[in-house]
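This report is intended for a reader who is meeting this structure for the first time. The chain and its model are shown below, followed by an account of selected features.

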Amino acid sequence: MKPIAPGTVIFHRHRGYGVLTAVNLLTGWVAARFGNESRTLDLNLSTDEIQHADGEAILFRRQPPERMPHARLMAMVRELHGAGYQKLYLYSWPKPSGLHWRWQLFTGPRHWMQRPWREGWYGSGADYNFNPVMGWGDAPGATTAELIAALARFDPAGLAQALGRDEDHTQWFAQICDALLPNYAYSLGADTPDAPLPVHLPVFAVRQRMPDYAGEPLTWPPGWERIWGPNALSGQTSRYPVVRHDVLPAGMNLSLLP
């Protein structure tokens, strides 16, 4: 699509030819002057069917942009699970500020708290706001297939470690994707000393102005309860000291006893 800016000649089916006097691409609203009219007219790029002077439609995304990459990552992981890369896992957890969520992909054994870190396999929604790429040579707005191809080129050895079967997790992940995509994602780092692990899987929106998730309550990943102990999901916290680390979600209780 051609770029638009103040001074662009446009065509409107009810007003005829005009000139843009102001453009706001964050909201999709523009101001235009038609013919001999002294006043400008406010138009919306999503609904008012504005065209360039040569008849090419001016299109504007109706949905708000993604603030977080997690939904795109979930779609990619699900596709790879279907191709036999079932030992690929997506861990996501909130930053201390609560404004953004981090993410990490890892392969091999399903050890949620002992995840291997590889270059380009982790990131943050805070960085994604300003540079909407994952970090393995992908382009902004890349499709699921393009993301997979870029990751395979970037780290074929790392992706090869995801080959294998993990049917329990693959089935759970597919159910989560069906419930959440394309506007929501899940968080696994929700436990703190002041707010114990919730009974159901926490969900957050990846786009602004999205309502709170109102679907069916979602379960935690297979084997998740064994990590936290029998009291975690009942709203009780252990009296053991809390170990806080950037790799481990805040509030993970590790016993110091032998």
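## Salt bridges

In this predicted model, Glu167 and Arg165 pair through their side chains in a salt bridge, with an N to O distance of 2.1 Å. Glu167 is partly exposed, at 45% relative accessibility, whereas Arg165 is exposed, with a relative accessible area of 60%. Side chains of opposite charge can pair when their charged atoms come close. Across the whole structure, a search finds seven salt bridges.

Another of these pairs is formed by Arg110 and Asp166, whose closest N and O atoms are 2.9 Å apart. Asp166 is buried, with a relative accessible area of 9%, while Arg110 is partly exposed at 25%. A further salt bridge joins Asp178 to Arg78, with 2.7 Å between the closest N and O atoms. This pair links distant parts of the chain, since Asp178 lies in helix H5 (residues 167-180) and Arg78 in helix H1, 100 residues apart. Asp178 is exposed, with a relative accessible area of 53%; Arg78 is partly exposed, at 33%.

## Helix H1

Helix H1 covers residues 70-82 and thus has 13 residues. From its first C-alpha to its last it reaches 18 Å, close to the 18 Å expected at 1.5 Å a residue. Which residues of H1 are buried? They are His70, Ala71, Arg72, Leu73, Met74, Met76, Val77, Leu80 and His81.

After H1 comes Gly84, which has a positive phi, near 100 degrees. The C-alpha atom of Gly84 is separated by 6.3 Å from that of Gly164, although the two residues are 80 residues apart along the chain. Gly164 lies in the loop between H4 and H5 and is partly exposed, with a relative accessible area of 24%. Leaving aside neighbours within four places in sequence, Gly164 is in contact with Gly84, Tyr85, Gln86 and Lys87.

## Nonpolar cores

The largest nonpolar core has 47 residues, of which Met74, Met76, Leu90, Leu105, Trp136, Tyr186 and Trp224 touch the most other members. Two or more residues of this core come from each of H1, strand S6 (88-94), S7, helix H3 (144-154), H5, strand S9 (184-186), strand S10 (203-205) and helix H6 (224-228). The element that gives the most to this core is H1, with six residues.

What does Leu105 touch, not counting residues up to four places away in sequence? Its contacts are Leu73, Met76, Val77, Leu88, Tyr89, Leu90, Trp121 and Trp136. There is also a second, separate core of 10 residues, including Ile10, Leu20, Leu43 and Ile58.

## A nonpolar surface patch

On the surface, Val9, Tyr17 and Val19 form a nonpolar patch, and together they have about 270 Å² of accessible area. Val9 is located in strand S1 (residues 9-12). The relative accessible area of Val9 is 39%, which places this residue in the partly exposed class.

## Backbone features in loops

Where in the chain is there a cis peptide bond? The bond joins Leu181 and Pro182, with omega about 10 degrees. Pro182 is found in the loop between H5 and S9.

Positive phi values also occur in residues other than glycine, and Glu49 is one of these, with phi about 55 degrees. Glu49 lies in the loop between strand S4 (41-44) and strand S5 (51-52) and is partly exposed, at 47% relative accessibility. Arg209 likewise is not a glycine and has a positive phi, near 65 degrees. Arg209 is found in the loop between S10 and H6 and is exposed, with a relative accessible area of 69%.

Note on methods:
Residues numbered from 1 in each chain as written. Predicted model: local features only at pLDDT ≥ 70, side-chain atom pairs only at ≥ 80, totals over all residues. Heavy atoms only, no water. Patch = residues over 30% accessible without salt bridge, like charges linked within 9 Å, V, L, I, M, F, W, Y side chains within 5 Å. Areas by Shrake-Rupley, 256 points an atom, 1.4 Å probe, with all protein chains shown as cover. Salt bridge = Lys/Arg side-chain N within 4 Å of Asp/Glu carboxyl O. Helix = DSSP H or I, 4+ residues; strand = E, 2+ residues; numbered from the N terminus. Buried < 20%, exposed > 50% of the residue type's maximum accessible area, 1.4 Å probe, protein only. Expected span 1.5 Å × (residues − 1). Core = buried A, V, L, I, M, F, W, Y, C linked by side-chain atoms within 4.5 Å. Contact = heavy atoms within 4.5 Å.
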